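Keep the picture in view and look for each residue as it comes up.

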Amino acid sequence: SELGERAGKIVSIAENARQSWGDPSSPRVAAAIQMLQLLAAWPTSRHALGAVNTHDVDDHVEVAATMIESALDDPPSLEELAMASGISGRHLTRLFVASTGMTPARYATVRRLDRAKLLLISRRTPIADVADELGFASPATFTRWFRMNEGRTPTEFRDSPTVF
């Protein structure tokens, strides 16, 4: 039932976007619709971590993921995550990988990249402002990081966006 409600919500959002923005053949409109669908489908934090059900995510992992989500502009170190979770960094990493399929550092990078993509397609703000909002020392540093993780520059992404 919950899955059906989410599917209905996604279809509704996509239909509203098509009606408001026109034909989704434009790469920018199609990417915006994809982003809206992604955001609409982003459920509770336990499910966002990729768990099949809420019992699959350890409480330590949820604490760490919540810390990461709340500080994407300056992701906490493994030591900070482990201290807040009350376990060792090595054990937290094992639990995190078991729950999400990625290390805490990779999770932070993926979520930061998701945020960067959202900012790039949802606003026409300068790349420098996006870099600043995400906590990068300079636009050049942000561009290098984005290219390393996405395979293209922020400008190339903005000109032809894809969410996935």
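## The outward face of helix 9

Arg 144 and Met 148 are exposed residues, and they sit on the face of helix 9 that is turned away from its buried side. As you look, bear in mind that this is a predicted model.

## The buried side of helix 9

Which residues of helix 9 are buried? They are Phe 142, Thr 143, Trp 145, Phe 146 and Glu 150. These residues lie on the same side of helix 9 because they cover an arc of only 165 degrees around the axis. Their packing partners are helix 7 (104-122), helix 8 (127-133) and helix 10 (154-159).

Helix 9 itself runs over residues 139-150, which makes 12 residues. From its first C-alpha to its last, helix 9 reaches 16 Å, close to the 16 Å expected at 1.5 Å a residue. Just after helix 9 comes Gly 151, with a positive phi of about 85 degrees.

## Where helix 4 meets helix 7

Now find helix 4 (residues 59-70) and follow it to helix 7. The axes of helix 4 and helix 7 come within 10 Å and cross at roughly 35 degrees. The crossing of helix 4 past helix 7 is right-handed.

## A buried leucine in a loop

Leu 72 is in the loop between helix 4 and helix 5 (78-85). Is Leu 72 buried or exposed? Leu 72 has a relative accessible area of 11%; residues under 20% count as buried, so Leu 72 is buried.

What does Leu 72 touch, once its neighbours within four places in sequence are left aside? Its contacts are Ala 108, Arg 111, Arg 112, Arg 115 and Leu 134. Leu 113 is 41 residues away from Leu 72 along the chain, yet their C-alpha atoms are separated by 9.5 Å.

## Stepping back

Seen as a whole, the protein has 10 helices and zero strands. Along the sequence, the pattern reads α-α-α-α-α-α-α-α-α-α.

The protein has 164 residues, and 38% of them count as buried. Take the contacts between residues at least 6 apart in sequence: 51% of these join residues at least 24 apart.

Technical notes
Residues numbered from 1 in each chain as written. Predicted model: local features only at pLDDT ≥ 70, side-chain atom pairs only at ≥ 80, totals over all residues. Heavy atoms only, no water. Helix = DSSP H or I, 4+ residues; strand = E, 2+ residues; numbered from the N terminus. Expected span 1.5 Å × (residues − 1). Buried < 20%, exposed > 50% of the residue type's maximum accessible area, 1.4 Å probe, protein only. Arc of directions from axis to C-beta. Contact = heavy atoms within 4.5 Å. Axes fitted to C-alpha atoms, helices over the stretch in contact; angles between N-to-C directions. Left-handed = near helix turned anticlockwise from the far one by under 90°.
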